[in-house]
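Please examine the sequence and the structure shown here before reading on.

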Amino acid sequence: IGVGGGGSANVGGVSRENIVAMCDVDEKKAGNRFQQFDKARKFQDFRVMLDKLDKQIDAVVVSTPDHTHFHPSRQAMLMGKHLYCEKPLAHSVWEIRELTKLAKKMDVATQLGNQRHANAGMARTVEAVRSGMIGEIKEVYCAIGGSRGMPKMPTSFPPVPSNLNWDLWQGPVKERPYSPDYCPYNWRFWWDYGTGETGNWGCHILDIPFWALQLKYPNRVDLDVVPAAKDIDPQRTPKSMKTRLEFPAEDGHAALTLHWMHGSLDAARKQHNAKRHGNTIFVGEKGTISAGFDGYQVNLNDGSEPKTPAQTVAKSPGFYREWIDACKGGPRSTCDFVDYSGALAESVLLANTAFRAGGGFDWDADKFNASGNDNVEQYLVPEFRKGWKVDAV
């Protein structure tokens with residue numbers, strides 16, 4: 001479901017399996033993949049596809065824009081289908097929690113699209129952090145650079161292209177006139193459709209500390225920098241943001257602060273004397289580990305050279321292979337919603353929520369409750385338009 005654009009890579013990832021159906025609201029964007037798999041049934045509406053081919057479908061891959069992850073994922077799992085869904089899993093915190101609960105209830109194989117999780121460099125970082133080479137870790141910095149966001153307001157609203165089903169593309173969110181400023185790509189920077197650069201990269205980058213430190217849910221979400229009112233736009237995602245997530249002490253880590261920002265790590269590198277490498281800095285009692293998707297570099301406070309830890313993380317058979325094996329009765333995939341990636345994705349969108357709400361809040365994950373900021377609730381739970389409303393699990 002969603003085979004053009006970024007979805008094309010996911011088609012390639014599962015292309016050795018028996019692809020029986022493909023669904024996309026834009027027949028032009030999906031054209032190459034539609035032609036390649038000419039024997040697969042083609043659909044515009046995922047609901048029709050799942051209904052008509054229920055008995056032929058074992059597993060579903062969802063690669064649509066963020067705002068249309070939830071409904072096809074929910075329906076597929078309710079029908080007992082295994083699910084691979086692109087990051088950041090869904091468009092709101094409530095949707096992510098619902099999909100996580102549903103994955104557990106239906107006991108299906110799931111995988112969040114954190115493809116870099118299979119990188120050997122990620123595994124080596126996990127081993128280094130867990131080895132204790134920099135001692136107890138109480139602070140982590142993660143960032144995505146650049147300044148993408150706050151696109152210009154549309155000024156033209158041409159007719160909808162004949163190849164695009166605009167109503168289905170909008171799906172559960174409120175209707176608005178078609179504009180090429182929304183579709184096919186810039187949807188990412190409009191709150192109705194996307195989750196900004198933080199939602200785009202957060203699950204990839206925060207995967208590093210979540211995996212290494214076995215993080216689950218934060219109990220406090222806050223802002224390192226309170227944005228000016230003009231920078232909190234009701235329609236468009238920001239060009240920068242600086243948030244922090246507080247995690248209580250649990251197995252795998254002491255109480256710690258995770259700084260998650262759309263911006264630069266330069267100030268943190270200077271403050272903690274960390275090496276310039278990657279997008280993540282672990283700050284420990286004995287030094288720092290600077291990490292990226294390709295591995296890590298260490299800077300110990302005493303100037304000594306660290307010992308390379310033993311390799312204890314098993315090599316992945318391949319990120320898509322993990323999920324396919326799980327679908328066929330093998331071990332759970334590494335980014336399974338229930339065991340791991342549900343909490344990761346939820347934390348990313350909780351950071352976005354603090355930014356949009358203009359301030360922090362306490363988070364009770366067990367009760368799914370935010371307190372201390374009356375602005376938060378409106379950003380946690382979505383309002384679906386008529387025809388798309390659903391009941392909670």
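## Basis of the report

The structure is a predicted model.

## Strand β10 and its partners

Strand β10 covers residues 280–284. Because 5 of the 5 residues of β10 are buried, the strand is largely enclosed by the rest of the structure. Thr280, Phe282 and Gly284 point one way from β10, while Ile281 and Val283 point the other way.

β10 pairs with β6 in the antiparallel sense, over 5 bridges. It also pairs with β11, again in the antiparallel sense, over 4 bridges. Val283 illustrates both pairings: this residue of β10 is the bridge partner of Glu139, and Thr288 in β11 is the bridge partner of Val283.

## Helix α6

Helix α6 comprises 12 residues, 120–131. At 1.5 Å a residue, the helix should span 16 Å, and its end C-alpha atoms are 17 Å apart, which agrees. Just after α6, Gly132 takes a positive phi of about 85°.

The buried residues of α6 are Gly121, Met122, Ala123, Thr125, Val126, Glu127, Ala128 and Val129. They pack against several elements, including the strands β6, β10 and β11. The helix α9 (207–213) and the strand β12 are also among the elements against which these buried residues pack.

## Asn301, an exposed loop residue

Asn301 is located in the loop between β12 (295–300) and α11 (319–327). Its relative accessible area is 59%, so Asn301 is classed as exposed, a term that requires a value over 50%.

Leaving aside neighbours within four places in sequence, Asn301 is in contact with Glu285, Lys286 and Gly287. A polar atom of the Asn301 side chain lies 3.2 Å from the backbone oxygen of Glu285. Ala274 is 27 residues from Asn301 in sequence, and the C-alpha atoms of the two residues are 9.9 Å apart in space.

## Ala109, a buried loop residue

Ala109 occupies the loop between α5 (93–106) and β5 (110–112). With a relative accessible area of 8%, Ala109 is buried, because that term applies under 20%.

Not counting residues up to four places away in sequence, Ala109 touches His82, Leu83, Trp323, Ala326 and Cys327. Ala109 and Val338 are 229 residues apart in sequence, with a C-alpha to C-alpha distance of 9.6 Å.

Definitions and conventions
Residues are numbered from 1 along each chain as its sequence is written. This is a predicted model: local features need pLDDT of at least 70, side-chain atom pairs count only at pLDDT 80 or more; totals for chains, interfaces and linings use all residues. Side-chain values use heavy atoms; hydrogens and water are left out. Helices (H or I, at least four residues) and strands (E, at least two) are DSSP runs, numbered from the N terminus. Buried means under 20% relative accessible area, exposed over 50%, partly exposed in between (1.4 Å probe, protein chains only). Contact means heavy atoms within 4.5 Å. A polar contact is a pair of N or O atoms within 3.5 Å; within protein, one must be able to donate a hydrogen and the other to accept it, and residues adjacent in sequence count only if both atoms are side-chain atoms. The expected span of a helix is 1.5 Å times one less than its number of residues. Two strands pair if DSSP finds at least two bridges between them.
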